[in-house]
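Dear colleague,

Here is the structure I said I would hand over. Please look through it before reading the notes below.

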Amino acid sequence: MSTVLHIKNMVCDRCIMVVKQVFADEKLNVSNIQLGQVALTDEPSAAQQETLRNRLEQLGFELLDDKKSQTVERIKTAIVELIHGNEAHELNLKLSAILEEKLGIDYHYLSTLFSSVEGITIERYSILQRIEKVKELLMYDEKNLSEIAYEMGYSSVQHLSQQFKKVTGLTPSYFKQLKENKRKPLDKITN
């Protein structure tokens, strides 16, 4: 019998490696691991679950028990994968349609649930994630603003610049000139 555990704050491949190691240390057989969830070949005992919960919390993760939290985490994971992963080509598609397809749940329900749990809308969360990706691309200094706007699915450089300034208080050009790192960890993006 397979068991799927949902884990909050898994936002990158390094998170997957760390979580995988925790499960290996506890001698639990992982059949599949991806952002936000771990599939096990067997059900962990109550003692193993408590140990996992404590070890994961020490590393900044959280074992999710209730369905609403799991759904919110699945929404966040889908958005992070879309914006920071290999699916950036889908950024021009409608976010509501993407989430409905990925999660198999009506978007209106997802939107209401997300807002009630997180205190911000899905759209706002998505914008904040996109701006963090833009910051990353600006810091790499490999692409110009026009290329970044296109890659991130913005209709124009002006639209990107307006949204960037609204979120950060800085223009993309000024941000690029700053030497200190103004980026946020992906799991800390909330407002």
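The notes below cover a hairpin, a pocket and one serine.

This is a predicted model, in which local features need pLDDT of at least 70 and side-chain atom pairs count only at pLDDT 80 or more, while totals for chains, interfaces and linings use all residues. Residues are numbered from 1 along each chain as its sequence is written, and side-chain values use heavy atoms, with hydrogens and water left out.

Strands S2 (residues 30–34) and S3 (residues 37–40) run antiparallel and are joined by 4 bridges. Strands here are DSSP runs of E, at least two residues, and helices are runs of H or I, at least four, numbered from the N terminus; two strands pair if DSSP finds at least two bridges between them. Gln34 has Gln37 in S3 as its bridge partner. The hairpin has 2 residues between the strands, and Gly36 takes a positive phi near 90°.

Pocket. The second largest pocket is lined by 13 residues, and Leu35, Gln37, Arg74, Thr77 and Glu81 lie nearest its centre. (A pocket is an open set of points on a 1 Å grid over the protein atoms alone, where a 1.4 Å probe fits, with protein on both sides within 12 Å along at least five of seven lines; lining residues have an atom within 4 Å of a point.) Helix H3 gives the largest share of this lining, 6 residues.

Serine. Ser126 sits in helix H6 (residues 122–140). Ser126 is buried, with a relative accessible area of 10%, where buried means under 20% (1.4 Å probe, protein chains only). Not counting residues up to four places away in sequence, Ser126 touches Ile79, Ile83 and Leu95, a contact being heavy atoms within 4.5 Å.

Regards

Notes
Buried < 20%, exposed > 50% of the residue type's maximum accessible area, 1.4 Å probe, protein only.
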